[in-house]
Amino acid sequence: MTNITNSNFVHTHVHSSYSAFDGLTSVHDLVHKVRKMGFKSLALTDHGSIGGWVKFLQECSAQQDKNGKDIPYPQIKPLLGVEAYLCNNRFVKSKREQPSGRRGNTHLILLAKNWKGYENICKLVNTSWVEGFYMDPRIDMDVLSQCSEGVIVSTACLKGIININLLHGRYAEAKRIATCFKDIFKDDFFFEVMYHGINAQRIIMPDIFRLAMELNIPICASNDCHYLEKEHAASHEVLMAMATGRCLSDPKRMRFPYGEFYLKDINEMVKIFGSHPRVLTNTVMLAERVDTEDIRKNLYSGMRLPRFEVPFGFASPLEYLRHLATQGLVKLGWDKSPEHIAAFEKELEDIKVAYDNNKYDFATYFLIVHDYINHAKKKGILIGPGRGSGYASVILRCLGVTYGINPLQAGLWERFLGFKNAKFVKADDFYSE
Ligand SMILES: [Zn+2]
Ligand SMILES: [Zn+2]
């Protein structure tokens with residue numbers, strides 16, 4: 001391959017420190033380096049977690065660093081993903097009837113192609129923790145096929161279900177599973193190849209190419225990056241030892257066999273896959289499938305809140321908010337203060353207007369904050385008095401979310417709600433620090 005640059009390749013399988021005890025690099029350092037290296041795009045695929053997504057989105061398009069200095073490198077296109085744990089049945093909390101292997105699950109890369117895919121991966125990750133957790137947060141084919149729209153799938157590492165079957169000489173079974181993925185994900189299903197000097201990776205490679213040809217499925221090269229620089233391999237070993245509760249001197253501890261899991265540039269990737277340049281450039285084709293604008297547009301419009309069930313008898317969150325806050329108003333004796341009553345009514349009216357005009361659901365937001373603060377109080381968790389302009393809300397004070405000063409003294413209600421220019425409510429952390 002001649003004249004190939006980092007813009008001809010995309011790392012589609014990358015871990016950050018959001019892969020708990022397995023990824024070494026902060027999202028900031030990762031994105032900074034990738035922008036500096038001249039890649040056009042980058043995926044974030046942490047183990048069972050999408051916790052880094054928001055930070056990742058911000059870092060990919062940031063124009064200034066945290067000190068306000070201009071970042072001299074071009075923005076990059078973020079590919080939001082996860083390395084999910086796939087098992088046979090997410091409700092079986094044992095290794096019974098599960099894939100073979102130490103933890104009874106396999107790995108699979110999922111990437112959001114558009115907003116629908118974003119929502120579906122959120123659902124899948126949520127399901128993996130709530131319904132599927134056994135040693136790892138797991139999904140199964142049942143829920144994966146229900147949430148497949150807008151999701152790009154790639155076959156991951158040696159712990160991927162197809163690779164495990166190939167490694168055990170079960171070509172027909174690998175083909176059956178690949179066909180199943182292809183039926184569900186159509187052209188958004190990719191084989192993945194990686195090589196870190198591990199013999200097993202070399203052994204299955206011809207079979208992956210054969211399968212890809214027989215089933216007409218594109219192959220993407222990846223490097224399953226777990227740290228940024230080659231010399232970080234030793235630090236990653238320490239992290240792995242901590243994760244598994246072993247000493248570095250323990251010969252039986254789990255370890256990555258070679259120090260090759262760093263973020264390689266295109267020249268290093270060419271050294272491995274130069275004889276099959278398509279597997280490198282296919283990663284660009286994969287990245288081009290992703291409609292980041294669709295994701296950004298939906299993500300940053302309105303407020304995204306969990307659903308809050310109001311008790312029977314209340315027609316809306318606003319009505320229930322008024323009910324709860326009125327109790328507080330009486331308790332504080334402010335129901336006899338015209339000044340407080342006026343501020344109280346103004347806040348409720350502002351909340352209603354924000355919803356009617358922009359669908360900003362501050363009523364639900366306040367109820368959720370009230371709910372978790374109340375829970376913390378019951379559990380004896382220390383609560384701070386509130387901070388920032390949140391002090392200025394009479395309603396938050398009536399709900400017991402803030403305490404201490406008289407909110408009218410702050411006079412910052414408008415700033416707190418940020419109707420004029422803010423797109424999001426300022427979600428202060430009310431817990432004691
Ligand atoms: Zn993996
Ligand atoms: Zn991985």
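This is a predicted model: local features need pLDDT of at least 70, side-chain atom pairs count only at pLDDT 80 or more; totals for chains, interfaces and linings use all residues.
**Exercise 1. Describe the overall layout of the chain: its extent, its elements and its domains.**

Solution. Step 1: along the principal axes, the C-alpha atoms fill a box of roughly 80 × 50 × 45 Å. Step 2: the chain contains 17 helices and seven strands. Step 3: the domain assignment gives domain 1 as 6–299 and domain 2 as 317–417. Step 4: taken over C-alpha atoms, the centres of these domains are separated by 43 Å. Step 5: of the contacts between residues at least 6 apart in sequence, 73% join residues at least 24 apart.

**Exercise 2. Which residues touch the most other members of the largest nonpolar core, and what surrounds L111?**

Solution. Step 1: buried residues make up 40% of the 433 residues in the chain. Step 2: the largest nonpolar core has 75 residues, and those touching the most other members are L42, L110, L111, I121 and V153. Step 3: strand 2 (residues 77–87) supplies the largest share of this core, seven residues. Step 4: apart from that core lies another of 23 residues, including A343, I351, A363 and V369. Step 5: for L111, leave aside the neighbours within four places in sequence; the contacts are then A43, L79, L80, G81, I152 and V290.

**Exercise 3. Examine helix 7 (residues 199–215): its span, its kink and its buried residues.**

Solution. Step 1: helix 7 has 17 residues, and 1.5 Å a residue gives an expected span of 24 Å. From first C-alpha to last, helix 7 reaches 25 Å, which is close to that value. Step 2: a kink of about 35° lies at M205, shortly before the proline P206. Step 3: the buried residues of helix 7 are I204, I208 and L211. An α-helix has 3.6 residues a turn, so residues three or four places apart point the same way. Step 4: the cover over the buried residues of helix 7 includes helix 5 (161–167) and helix 6 (171–185), along with strand 6 (189–193) and strand 7 (219–221). Step 5: just after helix 7 comes N216, with a positive phi of about 55°.

Conventions: Residues are numbered from 1 along each chain as its sequence is written. Chains are lettered from A and ligands numbered from 1 in the order in which they are written. A nonpolar core is a set of buried Ala, Val, Leu, Ile, Met, Phe, Trp, Tyr and Cys residues joined through C-beta atoms within 7 Å. A residue is buried if 20 or more other C-beta atoms lie within 10 Å of its own, exposed if 12 or fewer, and partly exposed in between; C-beta atoms are placed from the backbone. Helices (H or I, at least four residues) and strands (E, at least two) are DSSP runs, numbered from the N terminus. Two residues are in contact if their C-beta atoms, placed from the backbone, lie within 7 Å. Domain bounds come from an automatic or database domain assignment. The expected span of a helix is 1.5 Å times one less than its number of residues. The bend at a residue is the angle between axes fitted to the seven residues ending there and the seven starting there.
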